[in-house]
Amino acid sequence: SFMFGIAAQASWELVLRFQNAQPFGSADPVFFRDAGFYVFTLPFLSLVRGWLLTAVVFTLIAVIAVYAISYGSQRRKFDNSRRVLGHVGALAIGIALLAALSYWLGIWDLVYSPRGTVTGASYTDMHAQLPAQWALFVTTLLVGCLILAALVRRKVRWAAYAVGAWVVLGIVVGQVVPGLVQHWKARLQGRRG
């Protein structure tokens, strides 16, 4: 908690800006949000999301370590105890929800995208990355639901398969597809030029 307090303390300026937010009176041409949202609110939401996600991930690692040491020291076999699965599963669902929030906030972060020739939402961002962000947002929420179903049914494999599919989909949809769109757009522009 001391380390997390120090990490949060370093971002006091973001919190002050959020508390004193004012509208700019002009909207961005992509998402039609007031420019003040991108200066005051979005950085604060990203800070809170990152802080919570880091805290929950470290908590999950610590909880798994404690359970492993506890079961190992007692020489007991892990028997899919409902309490243990519920505890670990609740943390995993929390991570899925915070990851979904990351994808949702990432939609507005496209306004700052450095992918094009100028900073801002490029063709690739709007036609490949934006749909990818929405797809990953929905997929992450579904992963959270699958983890919940796995907890209810006590099927740990379901949760493992859901997380594995989510990681693969995140790489393919979030990285590979936008990269291919950018590559092919550049090739088509090269042929026209």
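These legends describe views of a predicted model.

View 1. Along the sequence the pattern reads α-α-α-α-α-α. The radius of gyration is 21 Å, well over the 16 Å that the globule rule gives for 193 residues, so the protein is more spread out than a compact globule. The C-alpha trace spans about 70 × 45 × 25 Å along its principal axes. Of the 193 residues, 34% count as buried. Carbon and sulfur atoms hold 68% of the accessible surface, which comes to about 12,300 Å².

**View 2. The largest nonpolar core has 17 residues.** Tyr103, Val143, Ile147 and Trp166 touch the most other members of this core. Two or more residues come from each of helix H4 (82-109), helix H5 (123-153) and helix H6 (156-192). H5 gives the largest share, seven residues.

**View 3. Trp166 and the residues it touches.** Leaving aside residues up to four places away in sequence, Trp166 touches Ala99, Tyr103, Thr139, Thr140 and Val143.

**View 4. A nonpolar patch lies on the surface.** Its members are Val163, Val167, Val168, Ile171, Val172, Val176, Val177, Leu180 and Trp184. Together they have about 740 Å² of accessible area. Trp184 lies in helix H6. The relative accessible area of Trp184 is 46%; exposed would need over 50% and buried under 20%, so Trp184 counts as partly exposed.

How values were computed
Residues are numbered from 1 along each chain as its sequence is written. This is a predicted model: local features need pLDDT of at least 70, side-chain atom pairs count only at pLDDT 80 or more; totals for chains, interfaces and linings use all residues. Side-chain values use heavy atoms; hydrogens and water are left out. A nonpolar core is a set of buried Ala, Val, Leu, Ile, Met, Phe, Trp, Tyr and Cys residues joined through side-chain atoms within 4.5 Å. Buried means under 20% relative accessible area, exposed over 50%, partly exposed in between (1.4 Å probe, protein chains only). Helices (H or I, at least four residues) and strands (E, at least two) are DSSP runs, numbered from the N terminus. Contact means heavy atoms within 4.5 Å. Patches are made of residues with over 30% relative accessible area and no salt bridge: like charges are joined within 9 Å, nonpolar side chains (Val, Leu, Ile, Met, Phe, Trp, Tyr) within 5 Å. Accessible areas come from the Shrake-Rupley method with a 1.4 Å probe; for residues, only the protein chains shown count as cover. A salt bridge is a side-chain nitrogen of Lys or Arg within 4 Å of a carboxyl oxygen of Asp or Glu. The radius of gyration is taken over C-alpha atoms; the globule rule is 2.2 Å times the number of residues to the power 0.38.
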